[in-house]
Amino acid sequence: FYSMKRFVLFALTAGMAFPIAACTSKKETSKTVEPVVIETLITATESWNGDSFKYPSGQAQMKLEKITAQPGFKTSLHSHPQPAIVYVVRGTLACETSDGKSLKVGPGDSFASPQNTVHYCENNGNEEALVFVASAGAKGKKTTLPVKVD
């Protein structure tokens with residue numbers, strides 16, 4: 001009978017303690033780590049070579065592209081009719097405009113792409129390049145215009 005009383009007492013105590021413990025919110029959080037960190041990687045009103053941004057007419061359309069380029073890859077000469085920003089995740093890129101301005105970037109770098117200026121970019125490193133390109137164009141309009149070379 002004595003052990004039965006102990007069991008009932010234990011059961012009652014546990015029956016009240018478990019729900020109270022479950023309702024107690026004691027989350028261990030570090031005071032030094034923020035739950036979210038927002039870091040602006042780039043903000044620009046013009047491209048790296050000085051082109052002022054102009055949005056094309058029409059219905060606005062945002063685009064985000066993931067581009068993977070092998071070592072030695074070089075784009076053809078081209079231009080962009082809309083603003084764009086680029087973020088390099090890995091690898092290195094070298095870009096040059098038709099008027100001779102150049103840019104070299106690597107992992108963690110970001111830049112605003114030339115707008116309406118003929119240019120090319122190439123992976124001049126020894127590893128695969130991974131870049132993200134975000135552009136603000138217009139629905140139904142191309143974001144890259146190839147340039148014919150005579």
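## Terms and model

A residue is buried under 20% relative accessible area, exposed over 50%, and partly exposed in between. At 36% relative accessibility, Lys63 therefore falls in the partly exposed class. The model described here is predicted.

## Salt bridges

Side chains of opposite charge can pair when their charged atoms come close. Two salt bridges are counted in this model.

One of them joins Lys63 to Glu65. Their closest N and O atoms lie 3.6 Å apart. Lys63 is partly exposed at 36%. Glu65 is partly exposed too, with a relative accessible area of 29%.

Arg90 and Glu128 form a salt bridge through their side chains, at 2.8 Å from N to O. Arg90 belongs to strand S3 (residues 84-90), while Glu128 sits in the loop between strand S7 (119-123) and strand S8 (129-138), so the pair ties together parts that are 38 residues apart in sequence. What is the relative accessible area of Arg90? The value is 32%, which makes Arg90 partly exposed. Glu128 is partly exposed at 28%.

## The sheet

Strands of a sheet pair through backbone hydrogen bonds, either parallel or antiparallel. In this model, four strands make an open sheet, ordered S1-S8-S3-S6, with antiparallel pairing. Which strands stand at the edges? They are strand S1 (60-69) and strand S6 (110-112). Each has a single partner strand, so one side of each is left without a neighbour in the sheet. On average, neighbouring strands are turned by 15 degrees against each other, direction ignored.

Three bridges link S3 and S6 in the antiparallel sense. Val86 has Phe111, in S6, as its bridge partner.

## The nonpolar core

The largest nonpolar core holds 13 residues. Val86, Val88, Leu93, Val105, Phe111, Val131 and Val133 touch the most other members. Two or more residues come from each of S3, strand S4 (93-97), strand S5 (102-105) and S8.

Leu93 has contacts beyond four places in sequence with Val88, Leu103, Lys104, Val105, Glu122, Asn123, Asn124, Ala129 and Val131.

## Thr97

Thr97 lies in strand S4. Is Thr97 buried or exposed? Its relative accessibility is 4%. The cut-off for buried is under 20%, so Thr97 counts as buried.

The side chain of Thr97 makes a polar contact of 2.3 Å with the side chain of Asp99. Leaving aside residues up to four places away in sequence, Thr97 touches Trp48, Asn49, Pro114, Thr117, Val118 and His119.

## Ser57

Ser57 is in the loop between helix H1 (2-23) and S1. Its relative accessible area is 55%. The cut-off for exposed is over 50%, so Ser57 counts as exposed.

How many residues separate Ser57 and Gly137 along the chain? The two are 80 residues apart, with 8.5 Å between their C-alpha atoms. Beyond four places in sequence, Ser57 touches Ala138 and Lys141.

Note on methods:
Residues numbered from 1 in each chain as written. Predicted model: local features only at pLDDT ≥ 70, side-chain atom pairs only at ≥ 80, totals over all residues. Heavy atoms only, no water. Salt bridge = Lys/Arg side-chain N within 4 Å of Asp/Glu carboxyl O. Buried < 20%, exposed > 50% of the residue type's maximum accessible area, 1.4 Å probe, protein only. Core = buried A, V, L, I, M, F, W, Y, C linked by side-chain atoms within 4.5 Å. Contact = heavy atoms within 4.5 Å. Pairing = 2+ DSSP bridges. Axes fitted to C-alpha atoms, helices over the stretch in contact; angles between N-to-C directions. Polar contact = N/O pair within 3.5 Å; in protein donor to acceptor, adjacent residues only side chain to side chain.
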